[in-house]
Amino acid sequence: MAVTSPSRLPPFPQPLRTPNRRISRVTLIRSTSSPMNRNSHSKRVVVCGGGVIGVCTAYFLAKSGAAVTLVEKSSVACAASGKAGGFLALDWCDGGALSSLARASFNLHRSLSEELDGARSYGYRPLTTLSLTVTESHSASSGSKSPGSSILPSWVDGSARTPRTIGTAETTAQVHPQLFTRTLISKAVEKYGVEVVIGKLESVEVDGDRVNSVVLEGGRVIESDAVVLALGPWSGKFELLSSLFRVYGLKAHSIVLEPKESDAITPHALFLSYYHSQGGKPMDPEVYPRPNGEVYVCGMSAEAEVPDDPEQIVGDPESIRVLKSVASSVSSHLREGEAQVRAEQACFLPCTDDSVPIIGEVPGVRGCYVATGHSCWGILNGPATGAAMAELVLDGYASIVDLAEFSPARFVGRRRKF
Ligand SMILES: Cc1cc2nc3c(=O)[nH]c(=O)nc-3n(C[C@H](O)[C@H](O)[C@H](O)COP(=O)(O)OP(=O)(O)OC[C@H]3O[C@@H](n4cnc5c(N)ncnc54)[C@H](O)[C@@H]3O)c2cc1C
C-alpha cells in the first residue's frame with residue numbers, strides 16, 4: 001500500500017518567531033461573549049456540514065446576530081472533526097499561505113477556551129511537543145540512553161532516539177476535537193439560537209445569480225439569504241463545487257488507548273520517525289496523551305474513495321495493527337495488557353490540489369460560500385476560518401484574516417474534467 005502522510009513537522013531548524021504587523025494584529029483578536037453590533041441581525045444563513053469548520057462558522061455567525069441553521073447529514077463531529085488528534089500549533093505554518101490563519105486560530109482557541117471553560121469541557125491544554133526516532137520493538141523498555149534523552153518523559157521508555165523539543169507550552173496545545181466541536185455547537189444553540197437540522201443537503205437553489213434556499217433529501221426547503229458549504233471531503237461529491245475545483249479525501253487511521261497507569265503519562269505530544277524492524281522508509285505517526293487519561297495515536301494515510309455515509313468509514317486492520325505496534329514501541333504503558341483499546345478508527349482529511357484551503361464566495365453564485373480543504377490542520381484552523389467566514393458573509397469582508405489567498409476564484413478557468 002502506498003502510504004503518504006502530510007508533514008506537520010516545523011521546518012528544521014525551527015523558524016524564528018519574528019513579530020510582524022500581521023501577527024500583532026491577529027493576536028489582539030478576542031472571542032467576546034456579546035453579539036457584535038451589526039445591521040445584518042436578521043440575515044438567514046444555512047451552514048451545511050457539522051464538522052469543526054461548519055460548527056465554528058455557525059457559532060461566529062450566530063454570535064454576530066445572524067439567524068443560523070446548521071444542516072448535518074449524520075451527527076455533529078461524526079467524521080474527521082470527531083476523530084482527529086486535536087493538536088494545535090502557533091507557528092508551524094509560518095512562511096506559507098496558512099501562516100496568519102493558523103496564528104489567528106491558535107489565539108482564538110485560547111480565548112474560546114477561557115470563554116467556554118475548555119480545560120474542563122473539551123480538554124484544552126498547552127503541551128510540550130517532541131520529535132523523536134523510534135524503531136519497532138517487541139521487548140520491554142530499551143534501557144539504553146541516547147543523546148538528548150534527558151528531555152524524554154519517563155513513560156517514553158521504548159527505543160526512542162534523538163529527541164528534540166519542537167514545541168513549548170507557549171506554542172503548542174491540544175483539544176479533544178469531538179468535545180470541542182460539540183461544546184461549540186451546544187453553546188451556539190443555547191446562547192445564540194442556532195437550529196441544528198439532521199438532513200442531507202441535496203441542492204442549493206438560486207434566483208438569478210443569488211442563493212435563495214437549500215433543498216434537503218426528502219424535499220424540505222430552507223429559505224436563506226446566504227449558504228455556507230462546509231462539507232469537508234464530501235465537497236468533492238457536490239456538483240456545484242466539484243465543477244470548480246477538486247477536493248479529495250486522504251484516509252488516515254487512529255487508535256485511542258487507555259493505559260492502566262494513566263497518571264504516569266505527562267502532557268507531551270510526540271512526532272515520530274518510526275522505522276519498522278525489517279527496515280524500509282520511516283513513517284511519521286503522532287502520539288497525543290489527553291488530559292482524560294487516554295492516549296491517541298494516528299498515522300497511516302493514503303488517498304481513498306470517500307464513502308457517501310460517514311458512519312461507513314472503517315479502518316484497515318493492517319493500519320490499525322501498525323499503530324498498535326507504534327504505541328507499544330514508544331512506551332511499555334501502551335502495550336497490550338497495560339492499556340485498553342478504546343477506539344480503532346479512520347477518517348478523511350479534506351485535501352485540495354494546491355494544499356491550500358478554499359474559503360470564500362463561490363464564483364457566479366452570490367450568497368453561496370465554501371469553506372473546506374483544511375487537510376491536517378482543520379481543528380487548529382476552525383475558529384479563524386469560522387470567524388473570518390462570519391465577517392465575509394455579514395460584512396462582505398474579513399478583517400481577522402486576509403482571505404484573498406483562499407478564494408475559490410483561483411480555480412476559475414483551471415478545472416479539468418475528471
Ligand atoms: C487522523 C487525523 C488526525 C488529525 N489530527 C489533526 C490535528 O491534530 N490537528 C488539526 O488541526 N487537524 C487534524 N486533523 C484534520 C482535521 O480533522 C480536519 O481538517 C477537519 O476535521 C476537517 O473538518 P471539516 O469540518 O472540513 O470536515 P468534516 O469533519 O469531515 O465534516 C464534514 C461534515 O459534513 C457532513 N456532510 C457531508 N455531506 C453532507 C451533506 N450533503 N449534507 C449535510 N452534511 C453533510 C459530514 O457528515 C460531516 O459531518 C486530523 C485529521 C485526521 C484524519
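**Close-up views of a predicted chain**

The chain holds nine helices and 19 strands; helices (H or I, at least four residues) and strands (E, at least two) are DSSP runs, numbered from the N terminus. The model is predicted: local features need pLDDT of at least 70, side-chain atom pairs count only at pLDDT 80 or more, and totals for chains, interfaces and linings use all residues. Residues are numbered from 1 along each chain as its sequence is written.

**View 1. Overview of the chain.** Of the 418 residues of the chain, 51% count as buried. A residue is called buried if 20 or more other C-beta atoms lie within 10 Å of its own, exposed if 12 or fewer, and partly exposed in between, with C-beta atoms placed from the backbone. Two residues are in contact if their C-beta atoms, placed from the backbone, lie within 7 Å. Among contacts between residues at least 6 apart in sequence, 75% join residues at least 24 apart.

**View 2. Surroundings of G51.** G51 is found in the loop that links strand 1 (44-48) to helix 2 (52-63). This glycine counts as buried because 32 C-beta neighbours lie inside 10 Å. Leaving aside residues up to four places away in sequence, G51 touches A77, A79, A80, S81, A230 and G232. Although G51 and Q178 are 127 residues apart along the chain, their C-alpha atoms are separated by 9.0 Å.

**View 3. Strand 13 and its partners.** Ten of the 13 residues of strand 13 (residues 247-259) are buried, so this strand is largely enclosed by the rest of the structure. Two strands are said to pair if DSSP finds at least two bridges between them. Strand 13 pairs with strand 17 (residues 339-352) in the antiparallel sense over 13 bridges, and G249 stands opposite P350 of strand 17. Strand 13 also pairs with strand 16 (residues 295-303), again in the antiparallel sense, over eight bridges. On strand 16, V297 is the bridge partner of I255, while E303 stands opposite L250.

View 4. Seven of the nine residues of strand 16 are buried, so strand 16 is largely enclosed by the rest of the structure. Strand 15 (residues 286-289) pairs with strand 16 in the antiparallel sense over four bridges, and the bridge partner of E286 in strand 16 is C298. The hairpin of these two strands has five residues between the strands, and within this hairpin G293 takes a positive phi near 95 degrees.

View 5. Three strands form an open sheet in the order 3-7-4, with antiparallel pairing. Strand 3 (87-89) and strand 4 (125-126) stand at the edges, each with a single partner strand, so one side of each is left without a neighbour in the sheet. Strand 3 runs antiparallel to strand 7 (residues 172-174) and is joined to it by three bridges; A89 stands opposite T172 in strand 7.

**View 6. Two serines with positive phi.** S355 lies in the loop between strand 17 and strand 18 (358-361). Phi of S355 is near 65 degrees, a positive value in a residue other than glycine. S355 is exposed, with 12 other C-beta atoms within 10 Å. S375 lies in the loop between strand 19 (368-372) and helix 9 (378-395). Phi of S375 is near 45 degrees, also a positive value in a residue other than glycine. With 19 other C-beta atoms within 10 Å, S375 is partly exposed.
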